[in-house]
Amino acid sequence: MKWSRWTSLLLLLLGGMAFQACHVVDSDKPGTLTLHFKHTVDDLQLHTDTFIYRAPTGYRYSVSNLRYILSEFVLYKNGESLLYNSGHLIDIRDTASLALKLNLVPEGSYDSISFRFGLSADNNHKSYLPNTVAYQSMYWPKQLGDTTDPLKDPGFHYMQYEGMYKTDDNALPKPFNLHAGPTWGNDNSFVVTLPFPQKMHIKGNDWNVDIIMDLQEWLQNPHVFDFEYYGPAIMPNQAAQEILRDNGSTVFRLANLTDK
Amino acid sequence: MKRFIEASFFGLIALFLISTPVLFSSCDKEEKVDPDQNDTLPPYKPTYVSLQIPEGFPIMEIPDDNPLTKEGIALGKKLFFDPILSGDSTQSCADCHKPEHSFSDDRRFSLGITGAIGTRQAPPIINAGWMKKLFWDGRVSSLEEQALHPVENPDEMAASWEEVVQRLQRHPTYPKLFYSAFGTTEITRYHVVKAIAQFERTLISGNSRFDLALQGKVFFTPLEQDGYDLFYSERGDCFHCHSGLLFTDNAFHNNALDSVPTDLGLEKITGKRSDRGKFKTPTLRNIEHTAPYMHDGRFATLEEVIDFYSEGLQYSPYADPLMKALPQGGKHFTPYEKKALLAFLKTLTDTSFLNNPDFLPE
């Protein structure tokens, strides 16, 4: 008898708290922000499987596949930050993956967004992301992970960006595979912070913004990435990984922030 | 002052997905009453089942309109092994998808009931519940939809669904079995393929030596270990396409079998030149038992397959960039590397799958 009375009291308390919580959320008018992932080469919309692009080394190249993981989306408003602690796989061949909705963005005026390209060492493990066939095909093998700690789960590739290039216009195409990830256990992920083109005023409304990756930037700025020099397989090559990490800082930009 | 809200939306989605199969096992759906139900039929009370998913395997999505039931699975199995589905009642699904070969065909091309010879090798049906695209060129998107095809394929079972459904309807036991699986005695082709798909979803293999080694229950031999390391290194580089615990990325690649592909593969479906010669990455589980290999069964042994990846790549502009040794014609493995790869591939054999009485005809 006594026990059940305590339980009902507890339930009442919990119920009251839940009510309170709802109440708080209610006075605040949360909205949403949908991120639309777009891809360009030299600011022109990406077309796959055609040799229309020219790398800074002069090679013509075509893009076959592009898949990458972004994580730790953070929204900023006057010194406050709001973290969406999860990762998202973007695959240009899977339209559903090209948009990500951040829900329950609290009321306020936001000035910027940041996210991590890839996954931090702390988050790069299998249980951090959904267990689907698509995510499993991003696994990074133990054999190329932290070999001093063979039991450590090496987690995921950050990116699989694949295509073909020709050293001169008549040469036979050769493969390139810009596979970025935690080579030998190094954390090669990086954070990108992008200011919104104008303030995003959230008050119960739904916003959209394009996050544009310019693929040409992986190959230039500050370093020229030479397909011929690094070869088609860079997963074991920490120097190549660091070039991608450096070049990655100018790969992303924002456009079309609207509440329509 | 920083305010952190952890909105783990993916966690929620994952939770939802995980809980769906659980729902099937825990909730008894409302009893459906068949309008034409005659008095001798017991009430429709299917037993919902949830699958035992091996450790680390991805979430299997099961269509809402075809939850797994004990009755549906048993019916699907019976249909799978029953020649009643073919034009002259001589051929069952299992004639080309043989349980002892991990539900694949040991013949290069399957023989239909009319003596017609197909142009593709029958793939194994194993861990098929995770496949989003079926057939070598991925032309159908569910197991249910897939099962509609062989029955009417003139090179295969060469039947008509009307005829097959009538036969099942007239059969002494099938109407009762359909009733206990789907709550209706009025059989349609859609009930047939739903039952077959349910059975196919149970064909799960995740108990090979490889799995046991991963779980620390057995140890690889040094040769197997070297093959394992080769498979997952940039040197061997098999893991990008034969990825994850299913050993397939469920995607389409041209792995450089031909400089001029005769079977266009995915291109036939999409119409895109760049999809020429692309086929769905096959799983490597039970690969020791699914010879011959490739979409046209051109290789009789695993040794030939390894030789192909080592020395046999054919240059074409359609080859996948992941065939990184394309310009060199292959990886040029040493004889020891070849032996090691072979030993590793054989660790993917799951005898508990091959001998599972649930997967064998009664």
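This passage walks through a predicted model with chains A and B, going from the chain B fold to the interfaces and then to a few individual residues.

Chain B comes first. Its secondary structure is made up of 13 helices and two strands. Of the 362 residues in chain B, 54% are buried. Looking at contacts in chain B with a separation of 6 or more, 64% come from residues 24 or more positions apart. A local example of burial is helix 11 of chain B, which spans residues 302-311. In that helix, Leu302(B), Val305(B), Ile306(B), Phe308(B) and Ser310(B) are buried, and helix 12 (335-346) of chain B is part of what covers them.

Domain 1 of chain B puts 29 residues into the contact, and domain 2 of chain B puts in 24. About 2,100 Å² is buried between domain 1 and domain 2 of chain B, with carbon and sulfur atoms accounting for 60% of that area. As for charge pairing, the count between these two domains of chain B is one salt bridge. Within chain B, Arg120(B) makes a salt bridge with Asp263(B), and their closest N and O atoms are 2.8 Å apart. Polar contacts between domain 1 and domain 2 of chain B number nine residue pairs, with both partners at pLDDT 80 or more.

Now for the interface between the chains. Here 40 residues of chain B meet 47 residues of chain A. Putting chain B and chain A together buries about 3,400 Å², and carbon and sulfur atoms give 60% of it. How many salt bridges are there between chain B and chain A? The count is zero. Polar contacts do turn up, though: twelve residue pairs across the interface of chain B and chain A qualify, both residues being at pLDDT 80 or more. On the chain B side, helix 1 (9-26) and helix 9 (222-231) each supply at least two of the residues that touch chain A. By residue class, the side of chain B that touches chain A holds 22 nonpolar, eight polar and ten charged residues.

Two serines in chain A are worth a look. Ser112(A) is part of strand 7 of chain A. Ser112(A) counts as buried because its relative accessibility, at 12%, falls under the 20% cut-off. Setting aside neighbours within four places in sequence, Ser112(A) touches Val74(A), Leu75(A) and Tyr76(A), along with Leu194(A), Pro195(A) and Phe196(A). Ser120(A), in turn, sits in the loop between strand 7 (108-117) and helix 2 (133-136) of chain A. With a relative accessibility of 9%, Ser120(A) is also under 20%, so it counts as buried. Beyond its neighbours within four places in sequence, Ser120(A) has contacts with Glu72(A), Asp187(A) and Ser189(A).

In chain A, the peptide bond joining Asn221(A) and Pro222(A) is cis, with omega about 0°. Pro222(A) belongs to the loop between strand 11 (206-214) and helix 3 (227-230) of chain A, and Asn221(A) is placed in the loop between strand 11 and helix 3 of chain A. Asn221(A) also takes a positive phi of about 70°, despite not being a glycine. Is Asn221(A) buried, exposed or partly exposed, and why? Asn221(A) is partly exposed, because its relative accessible area of 40% lies between the 20% and 50% cut-offs.

Chain B has a cis bond as well, running from Ala291(B) to Pro292(B) with omega near -5°. Pro292(B) falls in the loop between strand 2 (279-280) and helix 11 of chain B. Asn286(B), found in the loop between strand 2 and helix 11 of chain B, has a positive phi of about 60° although it is not a glycine. The relative accessibility of Asn286(B) is 0%, so Asn286(B) counts as buried.

Key:
Residues are numbered from 1 along each chain as its sequence is written. Chains are lettered from A and ligands numbered from 1 in the order in which they are written. This is a predicted model: local features need pLDDT of at least 70, side-chain atom pairs count only at pLDDT 80 or more; totals for chains, interfaces and linings use all residues. Side-chain values use heavy atoms; hydrogens and water are left out. Contact means heavy atoms within 4.5 Å. Buried area is the accessible area (1.4 Å probe) that two parts lose on being put together, summed over both. A salt bridge is a side-chain nitrogen of Lys or Arg within 4 Å of a carboxyl oxygen of Asp or Glu. A polar contact is a pair of N or O atoms within 3.5 Å; within protein, one must be able to donate a hydrogen and the other to accept it, and residues adjacent in sequence count only if both atoms are side-chain atoms. Helices (H or I, at least four residues) and strands (E, at least two) are DSSP runs, numbered from the N terminus. Ala, Val, Leu, Ile, Met, Phe, Trp, Tyr, Cys and Pro count as nonpolar, Asp, Glu, Lys and Arg as charged, and the others, Gly among them, as polar. Buried means under 20% relative accessible area, exposed over 50%, partly exposed in between (1.4 Å probe, protein chains only).
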